[in-house]
Amino acid sequence: MQTENVFVFDHPLIQHKISLLRDKNTGTKDFRTLVKELAMLMVYEVTKDLELVETEIETPIAKTKTKVLSDKKISLVPILRAGLGMVDGVTSLLPNARVGHIGLYRHPETHEPVEYYCKLPADVAESTVIVLEPMFATGGSLTATIDILENRYGCKDIRLVCLIAAKPGVERVMKDHPNIKLYCAALDEKLNEHAYIVPGLGDAGDRIFGTK
Ligand code: URA
């Protein structure tokens with residue numbers, strides 16, 4: 001496994017919340033809250049290398065030089081629909097981030113991802129792109145998303161934020177895209193015959209939106 005750009009968060013708060021999230025007895029309300037909180041905790045680390053610029057401000061006591069984020073834009077790209085559950089947590093820390101959306105469904109016969117929606121910020125190519133997808137399973141939809149971002153829009157700085165990733169998918173996608181960084185809260189061993197992550201947490205979209 002190419003691990004240099006794969007970051008698994010072992011922070012106790014993150015591990016605790018992931019355990020609650022995995023539990024089948026956690027209901028929709030708590031599940032939603034946990035996804036939001038996890039996204040917020042994770043983005044703190046995902047953005048730790050953002051560029052700062054020096055500025056001068058005046059405190060009530062004196063003038064001082066200090067640092068603020070540079071003008072480089074940040075674009076969040078939730079993959080519909082489960083990625084939407086992570087947006088509020090991230091925007092609570094990055095209130096000026098733009099939000100683009102990519103919608104993909106799995107073709108019932110070929111099982112390949114098919115794009116049905118794509119609306120991205122105009123200057124996405126120059127921005128730091130944070131892709132939000134709670135479950136990194138086979139990597140099919142993430143590969144299609146990377147393809148759209150890199151080849152159609154020319155994005156260079158792409159960061160994937162996933163709550164749970166599965167080793168087989170991660171190995172394949174990260175080998176093909178060595179420049180992309182993956183941040184996750186857990187790296188599970190395998191997928192079952194329906195391409196669900198084992199042990200995983202079930203269907204993230206259904207659990208966020210209460211559709212099952
Ligand atoms: N999508 C999910 O929601 N869960 C999985 O385990 C795999 C893909």
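Buried means under 20% relative accessible area, exposed over 50%, and partly exposed in between, with a 1.4 Å probe and protein chains only. The model is predicted: local features need pLDDT of at least 70, side-chain atom pairs count only at pLDDT 80 or more, and totals for chains, interfaces and linings use all residues. Residues are numbered from 1 along each chain as its sequence is written, and side-chain values use heavy atoms, with hydrogens and water left out.

Figure 1. Helices (H or I, at least four residues) and strands (E, at least two) are DSSP runs, numbered from the N terminus. Of the 212 residues, 43% are buried.

**Figure 2. Arg81 and Asp206 form a salt bridge.** A salt bridge is a side-chain nitrogen of Lys or Arg within 4 Å of a carboxyl oxygen of Asp or Glu, and the structure holds twelve of them. In this pair the closest N and O atoms are 2.9 Å apart. Arg81 lies in the loop between strand 4 (74–80) and helix 3 (84–93) and Asp206 in helix 6 (residues 204–209), so the pair ties together parts that are 125 residues apart in sequence. Arg81 is partly exposed at 33% relative accessibility, whereas Asp206 is buried, at 13%.

**Figure 3. Asp123 pairs with Arg98 in a salt bridge.** The closest N and O atoms are 3.4 Å apart. Asp123 sits in the loop between strand 7 (113–119) and strand 8 (128–132), and Arg98 in strand 5 (residues 98–99); the pair links distant parts of the chain, 25 residues apart. Asp123 is partly exposed, with a relative accessible area of 22%, and Arg98 is partly exposed at 32%.

**Figure 4. Arg152 and Glu115 meet in a salt bridge.** The N to O distance is 2.7 Å. Arg152 belongs to helix 4 (residues 140–152) and Glu115 to strand 7, so the pair ties together parts that are 37 residues apart in sequence. Arg152 is partly exposed at 48% relative accessibility; Glu115 is partly exposed at 34%.

**Figure 5. A network of salt bridges links four residues.** Its members are Asp49, Lys72, Asp157 and Arg159.
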